[in-house]
Amino acid sequence: RCQCGCPANMMSVLLSQEFKGKNIAVGILHPGFNKTDMTAKYAEIWEIEGAVDASVGAKRVFHEIGKINMDTTGKFINCEDGLEIPW
């Protein structure tokens, strides 16, 4: 996880707490390891580490978006497996 993502994740947790009383769920999603220009410097390990084409990664993200609810609000979810990533 990128250091720059930590403040954004914490902001999302705070936002989820603020909106909980209004019954508005906030999703925090990690898209997983995707084959993109940004990860091209790791191309030699894409297959070893299970990187997927961006289209597959997008489908995973949309799948997890559809599962966001008040039970998952404020939780950091890995779109590769749908499991919560502990802080």
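Trainee: Leaving aside neighbours within four places in sequence, what is asparagine 78 in contact with?

Mentor: His30, Gly32, Leu83 and Ile85. Contact here means heavy atoms within 4.5 Å. Bear in mind that this is a predicted model, where local features need pLDDT of at least 70, side-chain atom pairs count only at pLDDT 80 or more, and totals for chains, interfaces and linings use all residues. Residues are numbered from 1 along each chain as its sequence is written, and side-chain values use heavy atoms, with hydrogens and water left out.

Trainee: Why is asparagine 78 called buried?

Mentor: Buried means under 20% relative accessible area, exposed means over 50%, and partly exposed is in between (1.4 Å probe, protein chains only). Asparagine 78 has 14%, so it counts as buried. You'll find it in strand β4; strands are DSSP runs of E, at least two residues, and helices are runs of H or I, at least four, numbered from the N terminus.

Trainee: And what makes alanine 25 partly exposed?

Mentor: Its relative accessible area is 30%, so it lands in the in-between class. Alanine 25 sits in the loop between α1 and β1. Setting aside neighbours within four places in sequence, it touches Ile68, Asn69, Met70 and Thr73.

Trainee: Why does tryptophan 87 count as partly exposed?

Mentor: Its relative accessibility is 48%, so that's the label it gets. Tryptophan 87 lies in the segment after β4 (76–78).

Trainee: Which residues of α1 are buried?

Mentor: Gly5, Asn9, Ser12, Val13 and Ser16. They cover an arc of only 100° around the axis, so they sit on the same side of α1. That arc is taken from the directions from the helix axis to the C-beta atoms. In general, an α-helix has 3.6 residues a turn, so residues three or four places apart point the same way.

Trainee: What do those buried residues pack against?

Mentor: They pack against β1 (28–30) and β4. The face of α1 turned away from its buried side carries the exposed residues Pro7, Met11, Gln17 and Glu18.

Trainee: How much of the whole protein counts as buried?

Mentor: Of its 87 residues, 25%.
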